[in-house]
Amino acid sequence: MDGVAGLVQPHIEPGETYVYEFTLRQHGTQMYHPHSDEMLQMAMGMMGFFIIHPKRPRPKKIDRDYAIFLQEWFIDPGTSTPDPMVMLDFNVFTFNARAFPGTAPLIAKTGDRVRIRIANLSMDSHPIHLHGPPFKIVATDGGPIPAAGQWPEVTVSVPVGSTRDVEWMALDPGDWALHCHKSHHTMNPMGHDVPNLLGVRQDGVEAKIRKHLPGYMPMMEKGMGNMHEMGRPKNTLPMMTGTGQFGPIEMGGMFTVMKVRDELPKGYDEDPGWYVHPPGTVARKI
Ligand SMILES: [Cu+2]
């Protein structure tokens, strides 16, 4: 009951219901997705986790178990339907179908063993990076990796069509960024046809050009950091967004925060807010 329509079963037509029955011989982080009109159905997000827990518990107890499904979309600014015809140039990048700052933080207590399961059925590989201490890649959807094959890492590349389980010790309290390390994947929609005027003084020029080219928006002299809240069409996320305790975070897309605290008075399910840095642990201007 492998599900490949035409090959091992008929396509499931709209309105029909099929039953799958099989014995689970393996455990781990698996995925499901359609094999019917695959390109369109997957570009529209039809996929999910199928997590199978082992019959006998593993020797090391996991305190926090998170699952993040990666996806990328092309949604023309001002519209609301993903365009399944786009092959490479995506503009919305999501963790569990949410783009930062709409992503939820991952919450752990100091000393917790954290498992993060990451799945990818998008059109790109995603190198997922966690700040703070290194982790180990302990399993793929092919099965557990023997201890001798696990080495320390700070980034796990998750190829298309696979899952990676990583285990991380929450050794240090703090707000640790967790994000895709492809820098365009931590941004929301942007105009790819922005004229690149990096390093060019443009005093007053933009307004003059805009009289003739409505909506003209070039790259600023010193970069894009101040461009994130310039005009944008309806139903379109700002390019870089989110505000932390020290100001704009200037991120979007595949970005969230692993929040580790010594104490969690409100429990694991409530956002503990920003980390209160002990004196002397924040970089300062001199
Ligand atoms: Cu990515």
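The model is a predicted one.

1. **Overall make-up.** By that definition, the chain has two helices and 16 strands. Its C-alpha atoms fill a box of roughly 70 × 55 × 35 Å along the principal axes. Of the 286 residues in the chain, 40% are buried. Now take the contacts with a separation of 6 or more. Residues 24 or more positions apart account for 69% of them.

2. **The copper site.** Which residues are the protein donors of the copper ion? They are His126 and His185, each through ND1, and Cys180 through SG. Along the chain, their spacing reads H-x53-C-x4-H. Histidine 126 belongs to strand β7 (residues 126-130) and cysteine 180 to strand β13 (residues 174-180), so this pair ties together parts that are 54 residues apart in sequence. Histidine 126 is buried, at 0% relative accessibility. Cysteine 180 is buried too, at 1%.

3. **Strand β3 and its partners.** Strand β3 covers residues 64-73. Eight of its ten residues are buried, so the rest of the structure largely encloses β3. With strand β6 (residues 113-120), β3 pairs in the parallel sense over seven bridges. One point to find on screen is alanine 67, whose bridge partner in β6 is arginine 117. With strand β4 (residues 92-95), β3 pairs in the antiparallel sense over four bridges. Here, tryptophan 73 stands opposite valine 92 in β4.

4. **An aromatic pair.** The whole structure holds three aromatic pairs. One of them joins phenylalanine 49 and phenylalanine 69. Is this pair stacked or edge-to-face? The planes are 70° apart, and over 60 counts as edge-to-face. The ring centres lie 5.0 Å apart. Phenylalanine 49 is in strand β2 (residues 48-52) and phenylalanine 69 is in β3, so the pair ties together parts 20 residues apart in sequence. Phenylalanine 49 is partly exposed, at 22% relative accessibility. Phenylalanine 69 is buried, at 8%. The cut-off for buried is under 20%.

5. **Nonpolar cores.** In soluble globular proteins, nonpolar side chains tend to be buried together. The largest nonpolar core in this model has 28 residues. Leu70, Val114, Ile116, Ile128, Val156, Trp168 and Met258 have the most contacts inside it. Take isoleucine 116 as an example. Leaving aside residues up to four places away in sequence, isoleucine 116 touches Tyr66, Ile68, Leu106, Leu130, Arg164, Asp165, Val166 and Met258. A second, separate core has six residues, among them Met31, Met47, Phe69 and Ala119.

6. **Charges over rings.** Arginine 64 places its charged end over the ring of tyrosine 268, 3.8 Å from the ring centre. Lysine 259 lies over the face of tryptophan 274. Its distance from that ring centre is 4.5 Å.

7. **A hairpin.** Strands β14 (residues 241-244) and β15 (residues 247-251) run antiparallel and are joined by three bridges. How many residues lie between them in the hairpin? There are two. Threonine 243 has proline 248 in β15 as its bridge partner.

8. **Backbone points to check.** Most residues other than glycine have a negative phi, and most peptide bonds are trans. Alanine 97 has a positive phi, near 65°. Alanine 97 sits in the loop between β4 and β5, and is exposed at 55% relative accessibility. Glutamate 250 also has a positive phi, about 55°. Glutamate 250 lies in strand β15 and is partly exposed, with a relative accessible area of 32%. Finally, a cis peptide bond joins phenylalanine 100 and proline 101, with omega about 10°. Proline 101 is in the loop between β4 and β5 (106-109).

9. **A buried loop residue.** Methionine 219 is in the loop between α2 (205-212) and β14. Is methionine 219 buried or exposed? Methionine 219 is buried, with a relative accessible area of 14%. From methionine 219 to phenylalanine 246 is 27 residues in sequence and 25 Å in space, C-alpha to C-alpha.

Terms used: Residues are numbered from 1 along each chain as its sequence is written. This is a predicted model: local features need pLDDT of at least 70, side-chain atom pairs count only at pLDDT 80 or more; totals for chains, interfaces and linings use all residues. Side-chain values use heavy atoms; hydrogens and water are left out. Rings of Phe, Tyr and Trp (its six-membered ring) pair if their centres lie within 6.5 Å; planes under 30 degrees apart count as stacked, over 60 as edge-to-face and the rest as tilted. Buried means under 20% relative accessible area, exposed over 50%, partly exposed in between (1.4 Å probe, protein chains only). A charge sits over a ring if NZ of Lys or CZ of Arg is within 6 Å of the ring centre and within 35 degrees of the ring normal. Two strands pair if DSSP finds at least two bridges between them. A nonpolar core is a set of buried Ala, Val, Leu, Ile, Met, Phe, Trp, Tyr and Cys residues joined through side-chain atoms within 4.5 Å. Contact means heavy atoms within 4.5 Å. Donors are N, O and S atoms within 2.8 Å of the metal (3.2 Å for Na, K and Ca); water is not among the atoms, so sites may look incomplete.
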